[in-house]
Amino acid sequence: MTAPTKNKKLLSWVDEVKAMCKPERVVWCDGSKTEYDRLMSEMVASGMAIKLNEEKRPGCYAFNSDPSDVARVENRTYIASLKESDAGPTNNWIDPVELKKTMTGHYDGCMRSRTMYVIPFSMGPISSPIAKIGVQITDSPYVVCNMHLMTRVSNKVLELLGDAGEFIPCLHSVGAPLNPGQRDSHWPCAPIEQKYIAHFPEENLIWSYGSGYGGNALLGKKCLALRIASSMACREGWMAEHMLILRFTNPQGRKFHIAAAFPSACGKTNLAMLQSNVPGWKVETIGDDIAWMKPGPDGRLYAINPEAGFFGVAPGTSVKTNPMALATCSKNSIFTNVVVTDELDVWWEGMDVECTGGTDWKNKPWKPGLKDPNGHEVKGAHPNSRFTAPAHQCPVLCEDWESSAGVPIDIFVFGGRRSTTMPLVHEAFNFDHGVFLGATTASEPTAAALDAQHLRFDPFAMTPFIGYHVGDYFAHWLKMGDKLGNKAPRCFYVNWFRKDSKGKWLWPGYGDNSRVLKWMCERVEGKVGAEETPIGLMPKDGDLDLSGLKITAEDWRELMKVDKHLFRETLNDVREYLAKIGHKLPHRIMEQYEALKKRID
Ligand code: OXD
Ligand code: MN
């Protein structure tokens, strides 16, 4: 196949990888439906994919991965910066020269008897000034099809690249060469100790080996759009964040844009597709996972969603929790590690529909209530099973989701899962205080829900995704605030998960979270007041719209209560956490800490 580009860097990189990985053939991908359909038919024929019932799930396919390859592998994920001190305490560092030597050994001949696909893609609307071009090389047709849905794969990307344009090279192999005549496995991958998800931030280069799953293999997502992009953004003066983006429109038609960061299992996709309970206020989705943001000509911060699809966690997605996500994956989607029912539809725990049986994610016969020999219930879907669905199928997708200039962000929201201590909502006094709130975001591991000593800090929900030193990352946030000045987004902290002393949720969540977003928007408009408290600005009685909600005055008080004793305990954990960051921790973060401590004492 002749290469559809004259880009010298790209051609020589493809030649170099071909010589190293020794595939049987090279295919340049064009992102067309014909290409997608052809690859899917080949995977159905080989037994890797299951074509789902065309009447129930038109255009959909299911895959089961290997049980050793079901999630991102953080302990095999590396930031190979030239200096160890540039990776910082939140990353695994390896010397890049040493890592390249080890990985080159693995890559040597790793695509034997396989096809090497070259995928030109854009993160963000093609030719948007905020977008970036990547090229992924992979030997996995499953990855090609997922990249079709999650990014913009197109020959237009090569046109834009021209003869000398820059791109981010993303090399991927499942790490399972085939001997002549050897039958392929249904999910080829390498053993865990041979998996590497490597980032070379000074070269804007990604090398991934040994896994075919999710963020390990769809390199546009966590590897490019977060780890490499965050380090580029710090150098270039923009932001790459693990944030959903939504538009909230009030009854008068004023549009507010909100970007929100939450650690995993805090309902990010649900919030992105929220159905508002406040009459006349409407939520529209722009993105559910990643925001790239740059100051615009008017000095405000503009955001795009660099992705083109959703890679959502399936279990727990139901008509009650997220009807819009269900509608989005009702057709033309890929399901990985869910139950395939006897009718060739999909099912997962928490879907809230009946299932008579089928095959589980390990491809074994399965029925609800099935027990293992020890009497433990066997889950049909893996807890990290996923749907990959095109964003344009989302019924509440915002018409401006592909705006090349992006949307102006009014509000940043941070938050974690806390059963105590943190009230439903508070607003930062100023941007520095907001950065402190983002930097000290923490969640309780669900198994130890009431143990305040075991907080897991996840600054800006970015811990596994900051491609450089976390102290420099905080400094970059502060610098962006300085640059944006009074045009910087307002910062809020929420906790949807507070419980009373009997363990009952105090806040209904889901659609009612729109009430909290409304208060934020009205704060931005200057329409509602707030009370100054030691931890920040909080709604005064009557400021937050509770009309029609059955919540007792006592529960409301409890939900908004700031218990100084508990807060001091959290502050001790905060101090311990910040100390681990070392000398790169900005003074301004410590100043915020000291000021808060004083206010609480
Ligand atoms: C994701 C994650 O898959 O944050 O989006 O882990
Ligand atoms: Mn994510």
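**Ligands, metal and salt bridges**

Q: How far is an oxygen atom of ligand 1 from an N or O atom in the side chain of H242?
A: We're talking polar contacts here: pairs of N or O atoms within 3.5 Å, where a pair within the protein also needs one atom able to donate a hydrogen and the other to accept it, and residues adjacent in sequence count only if both atoms are side-chain atoms. From the side-chain N or O atom of H242 to the ligand 1 oxygen, the distance is 3.2 Å.

Q: What sort of model is this?
A: Residues are numbered from 1 along each chain as its sequence is written, while chains are lettered from A and ligands numbered from 1 in the order in which they are written. Side-chain values use heavy atoms, leaving out hydrogens and water, local features need pLDDT of at least 70 and side-chain atom pairs pLDDT 80 or more, and totals for chains, interfaces and linings use all residues, as this is a predicted model.

Q: Which residues surround ligand 1?
A: A residue makes the list if one of its heavy atoms lies within 4 Å of the ligand. The names are R72, K222, H242, D289, R386 and F465.

Q: What share of the accessible area of ligand 1 does the protein cover?
A: R72 puts a polar side-chain atom 2.8 Å from a ligand oxygen, and R386 has a side-chain N or O atom 3.0 Å from one. On its own, ligand 1 has 210 Å² of accessible area, of which the protein covers 83%. Accessible areas come from the Shrake-Rupley method with a 1.4 Å probe, and for residues only the protein chains shown count as cover. So much for method; the share asked for is 83%.

Q: Which atoms coordinate the manganese ion (ligand 2)?
A: Donors are N, O and S atoms within 2.8 Å of the metal (3.2 Å for Na, K and Ca), and with water not among the atoms, sites may look incomplete. The donor residues follow the spacing K-x19-H-x46-D. At 2.1 to 2.2 Å, the coordinating atoms belong to K222 (NZ), H242 (NE2) and D289 (OD).

Q: How many residues apart are K222 and D289?
A: Helices (H or I, at least four residues) and strands (E, at least two) are DSSP runs numbered from the N terminus. K222 is in helix 7 (residues 220-236), while D289 is in the loop between strand 15 (282-287) and strand 16 (291-295). The pair links distant parts of the chain, with a separation of 67 residues.

Q: Is D289 buried or exposed?
A: The D289 side chain makes polar contacts with K222 at 2.8 Å and with H242 at 3.0 Å. The cut-offs are under 20% relative accessible area for buried, over 50% for exposed and partly exposed in between (1.4 Å probe, protein chains only). K222 has 7% and is buried. D289 has 9%, so it counts as buried.

Q: How many salt bridges are there?
A: The rule is a side-chain nitrogen of Lys or Arg within 4 Å of a carboxyl oxygen of Asp or Glu. One network of these links K221, K222, K268, D289 and E307. The count by this rule is 35.

Q: What is the N to O distance between D410 and R300?
A: D410 is buried at 10%, whereas R300 is partly exposed at 27%. Their side chains meet in a salt bridge, with an N to O distance of 2.7 Å.
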